Each structure stands twice: as C-alpha cells, then as structure tokens.
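Reader: I would like to learn how to read a few features of a structure. Please show it to me and we can go through them in turn.

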Amino acid sequence: MGLGPIDATVYAVTKKCWKSGLGMAARKRIVLELFGRFPQDTAYAVRFWDGEERRFGPPGREPVFTVSFRHERALRALFGSISLGFGEGYMDGAITVEGSLEAFLRLSNAPEVQERLRALSFIARIRIAMMVLRQRSTLARAGDNIARHYNHGNDFYTRWLDERMMYSCAYFRASDDTLERAQEQKLELICRKLQLREKKRVLDIGCGWGGFAIYAAQHYKARVLGVTLSEPQLAEGKRRVAEAGLTHLVELRRADYRTLTEVPFEKVLSIGMFEHVGLEQHPAYFQAVDRLLADGGTALLHTIGRMRPHKGDPWVHRYIFPGSYIPSLGECVEGIAATGQTITDVENLRIHYAMTLDHWRARFERQLDAVRAQGLDDRFIRMWRLYLTGSSEAFRYGGLCLWQIVSTKGLVQDAPLTRAHLTHEQRVVL
C-alpha cells in the first residue's frame, strides 16, 4: 500500500529532519501535526521544554492529558523511531503524560494516527528487522529471550497475577468477575475445547508456573507434561505441583519443545507461548506439535495475534518481549494447515484480554512500594506501566486480538455437533 499525498509529505519532511538535522521548529511542527490527527472529541495538550503549549479538542475544556517534552533530546529521539523515542523518553522521565495515560494511548490507536505513525517511523522498519535478526528464537537463543522477560523474579509476578499465576488472557463470563474466577474459567474453557478426559496424556508447551497442568490434573485427572525455559518458573511450578499432591500426574521440565522425543500425546496445547516463537520458527513449532500429537489427537493454540501481518513494535522488541512476533490469523491457519491438521474451532477473546490487563495494571499500581523494595526502580515501573496500559488499549482500540484455535490430527468423527459443551451449564461427560 502506497503513501497518500499527506503521508508522503510527512515522510519526506521527516526524512530531511533525520538526515540533515533540520531545525527544532520544523520538528515541533511535524509532531504537532501528528497530535492534530488525534480524534478531536477529547481535550488534550502538548507542552515543550521552552514553555510553548498547544491545546487540541473541544474549546473551553480542561485537557484530559498533557504530553510534555522536557528537553530537545526527547523530541529529537522521535525522528529515529516514534515507538522507541516515546517509550524510552517516557521510561526516562524525559516525556511525561500528566492526566490520563489511558486516554492518550486510546487516541493514539485511532486509524488516522496510526497512518501518520507509519509515515513518520520509516527508520523503525530497519530497527525492527535488525532486532529480529539478533533476537531470533533459535535453540541457542530462546532461553535468553525468555529470561529477559520472566526472570524478574517470582515475587514480582506473584504481586499482581492471580493465585494460579496465569500470565495470559482470562475468560470473563461477567464484567464483575474477579481475576481469579476469570482465570479459572479460562482453564475450564480450554479443557472443554480439548475435550479432556481422565488419564489422557497432555503436553503443555510453555507451561509457566504450572497453572494449567495443575488444573487439568485436579479436575480431569489428566497426565500432564509441562515444559518451560524459565528456571524461576520451573522451580515455583514444581513447588506448587508438590504442594497440590499431584506429582503422580504432573511433570514439569526445563526443555525446549523442539527437542522432545516423547510418545505422542492425545492433547497438545500452548497458552501465551506462541508469541515468543518468532516468525522464522513457525514451521518448526507446528511441525513439532504435529510430531508430538497422536493420531486423532487435539491441539489448541492460545496466542496474541492480529488480523493481518505486522512487523511489530521496536520498543516492545527491545524492552518487553525480545525475539517475539505477534502472528496474524492467516499465518496461524497456514502453519496448522501445512501439517495436514484440520481446524475445528476459532475464537477471538480480544476484549477478555483488555479486561485481564486492566486487572493486572490495577494490582501492579497497588504494589509499587513492594516492587521498589525488590530493587526495581522508577524507570522499570514506568516501563511496566506503559507496557500494561498500552497493551490494554491496543486490545480495545488497536489491532491486537487473542486467538484460540483448535485443530485435530486426522478427521475426528466423534467431535461435538455444537458448541454447547463450552457453556457453563453443560460439561463434557467423563
């Protein structure tokens, strides 16, 4: 898709700014033009280090938020990459958002703003490509990528996740469900989609702290092998399995799914792990799942995704999920189809993830003193706040989805005729 005439002008001027060091006044004009594309039903303001301020939206109303650039470097950084420039500036306190961060991120997800961002961030494409090459989730590098995100310590995640420590999208049957209830409902939903039965062998790829494995063993008497690359997760997961008295049904292991040589499993799933695989490793993932899945077995893929392919966000790649790639629905479907499996169910839990993130963010904000006591500084806190808030707004107003895709190896003849087995009232007969 080519650039429109306005986008082409912004692109050309921005390129001059980056190459020739065009004056700060020109940079201000470009940034104000971008802010002027925000939906004008909300009052907001932009303030610069020299006192210059511009207000937008309905006249006479106080700004819902004010974005402040505290020095020239903060503005100049945007012209290498909007995402990295803003994200790093916010983390460092060089860019502040007074008022509602949620409102700012919501407006920034408007389609017309995203078009301008793509025009302004032409350098970001190069940055993303270079990061992806450096962070590819090969067998040698995958563990390091996982450690970057999950090795903040179990105590950190315990403070704002639910009791089962499920670090993935919950499932809300009502808007006032607690996070604990919604996460349990998610686990039950997955078990029903897998048509789980007693004594069935289950492989959980990227098992986290063992939440699903424990639930499946407790409620369905399933025999579960969970694999993770995170040592802190593994240690805590094993402790929880032992505490629940389930070591005869659940084994957690530090292993890469690509190296497993087990007897095929009746059920194979991954919950919130596929995002870490990386696009170039998609074939290896789907081939491994198919190899480890018994004939007639069922696989479930629970992953953040998009409707269309997207290169990704350089700030997220650098600071949050190195080596990650958010797949499109088409890329997931093509990967499954390449193995010869048959897709039987697809669901998008987009709003459920936004609600999950709202719970996480509220819990995180209540735990700031404890987070600081762990040695995590204000820069980290601002980084995590931006990550949780930005993700929530992207699920509500941006391009993020949450796919649950069920497939079978072979044409299974006893599949349910309807989706009634997924409802709260009717449960799979064991």
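Reader: Which residue just after H11 takes a positive phi?

Author: Lys 221 does, with a phi of about 55°. This is a predicted model in which local features need pLDDT of at least 70, side-chain atom pairs need 80 or more, and totals for chains, interfaces and linings use all residues. Residues are numbered from 1 along each chain as its sequence is written, and side-chain values use heavy atoms, leaving out hydrogens and water. H labels a helix (DSSP run of H or I, at least four residues) and E a strand (at least two), numbered from the N terminus.

Reader: Is helix H11 largely enclosed or open?

Author: Buried means under 20% relative accessible area, with a 1.4 Å probe and protein chains only. H11 spans residues 211–220, and because 8 of its 10 residues are buried, it is largely enclosed by the rest of the structure. Among the buried ones are Phe 212, Ile 214, Tyr 215 and Tyr 220.

Reader: What covers the buried residues of H11?

Author: The cover includes helices H10 (179–193) and H12 (231–243), together with strands E5 (201–205), E6 (223–228), E7 (250–254) and E8.

Reader: How many cavities does the structure hold?

Author: On a 1 Å grid over the protein atoms alone, a cavity is a set of points where a 1.4 Å probe fits but cannot get out; a pocket is an open set with protein on both sides within 12 Å along at least five of seven lines; lining residues have an atom within 4 Å of a point. Grid points are joined across faces, edges and corners, and a volume is the space filled by probe spheres set on the points. The structure holds 3 cavities of 30 Å³ or more. Of its 14 lining residues, Phe 286, Val 289, Ala 299, Leu 301 and Ser 407 are the closest to its centre.

Reader: Which classes of residue make up the lining of that second largest cavity?

Author: Ala, Val, Leu, Ile, Met, Phe, Trp, Tyr, Cys and Pro count as nonpolar, Asp, Glu, Lys and Arg as charged, and the others, Gly among them, as polar. This lining has 10 nonpolar, 4 polar and no charged residues.

Reader: What is the volume of the second largest pocket?

Author: About 460 Å³. Its lining has 7 nonpolar, 8 polar and 9 charged residues. Strand E9 (293–305) is one of the contributing strands, and E9 gives the most to this lining, with 5 residues.

Key
Buried means under 20% relative accessible area, exposed over 50%, partly exposed in between (1.4 Å probe, protein chains only). Contact means heavy atoms within 4.5 Å.
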